[in-house]
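Welcome! Take your time with the structure below, and try each exercise yourself before you read its solution.

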Amino acid sequence: MTPFKRKDKLTICVVDTETTMMNEYSHQVFDFAYVIGNVLDSNCEPLERSFLIDEVLDVPKNFIWTTPKGMPEGERKNFATDSRYERTLKRRTKTKKGVSWEFALDYFYKDCSRMGVDVFTAYNVMFDINCMRRTQDQINDKRFRMPNGMNIMCLMDIAQTKVINNDFHNWFKKQDKYLQNQFTTDKENISYSAECVFRYWFDNYYYKEQHTALRDARMEWKLAVKMFERWEKEIKKDFINFVVNLGWKAVNQIPSSTKKSKLRKEKRNLIA
């Protein structure tokens, strides 16, 4: 029997990464956290870990935003410093949680093994996996690997298919414009970000995602527990080890969860 078919327990690891961005050193992890627990137990007190990565934080140029190459006049130009940088340096000094990337990964592997993790997940799981791989490449060129026997699941995949459904669209249409703005992008498309899904599901319409790895991992853990409470059987059957991105057009133009599930299966079959 595969681990995710067990009815009484399913141990998941919810990972969140904060990474460099908007320059040639983008997608290096400087804040890494994870939450591990039995997602089928709503009263579970999960294990939490948080690490600030010294090799990335000790290089200031990683946090200087630049124009794309070729703009202007064929070279990059500095235009801002990532506002998270100074805050993270202060947090590292205060909490003394600065460690090497190798130390953080070693803890991650050991915790996954010790806790018997069945499923690795994140809100945008492929983004986080790719950032962890890029960080490994940049720091030590060792081969990045997922823990042995680990299954993969994407919380955003579930959210865009199941949460942003007919009920959500009908609720959204009844709200005034000011409240609708809490659930849309700058281009006025319905957002399926973790922040917006949390606002809707927990009736906390002005909740702000903190963009620190541990706080965001905690929030995503809550989303995962609620998802399994509602759709455990379907998640185990259709979402574990099958990651599909429907895209913003499908989310906005197809309210029906049933129709999106059908479209998702068609895309999944093409990938397979």
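This is a predicted model: local features need pLDDT of at least 70, side-chain atom pairs count only at pLDDT 80 or more; totals for chains, interfaces and linings use all residues.

Residues are numbered from 1 along each chain as its sequence is written, and side-chain values use heavy atoms, with hydrogens and water left out.

**Exercise 1.** Find out which residues of helix 5 are buried.

*Solution.* Start with the terms: helices (H or I, at least four residues) and strands (E, at least two) are DSSP runs, numbered from the N terminus. Buried means under 20% relative accessible area, exposed over 50%, and partly exposed in between, with a 1.4 Å probe and protein chains only. Now go along the helix: Leu155, Met156, Asp157, Ile158, Ala159, Gln160, Thr161, Lys162 and Val163 are buried. That is nine of the nine residues, so helix 5 is largely enclosed by the rest of the structure.

**Exercise 2.** Describe the largest nonpolar core and the residues with the most contacts inside it.

*Solution.* Such a core is a set of buried Ala, Val, Leu, Ile, Met, Phe, Trp, Tyr and Cys residues joined through side-chain atoms within 4.5 Å. The largest one has 78 residues, and Phe32, Phe108, Phe120, Met132 and Ile235 have the most contacts inside it. Helix 9 (residues 213-239) gives the most to this core, with 13 residues. Next, look around Ile235: leaving aside neighbours within four places in sequence, Ile235 is in contact (heavy atoms within 4.5 Å) with Met153, Ile158, Met227, Phe228 and Ile240.

**Exercise 3.** Work out which residues of helix 3 and helix 4 meet.

*Solution.* On the side of helix 3, the residues are Trp101, Leu105 and Phe108; on the side of helix 4, they are Met132, Thr135, Gln136 and Ile139. Sorted by type, the residues of this contact are five nonpolar, two polar and no charged, where Ala, Val, Leu, Ile, Met, Phe, Trp, Tyr, Cys and Pro count as nonpolar, Asp, Glu, Lys and Arg as charged, and the others, Gly among them, as polar.

**Exercise 4.** Locate Met22 and Glu188, and compare their exposure.

*Solution.* Most residues other than glycine have a negative phi. Phi of Met22, however, is near 60°, and phi of Glu188 is near 65°. Met22 sits in the loop between strand 1 (11-19) and strand 2 (29-38), and is partly exposed at a relative accessible area of 38%. Glu188 lies in the loop between helix 7 (177-180) and helix 8 (194-201), and is exposed at 56%.
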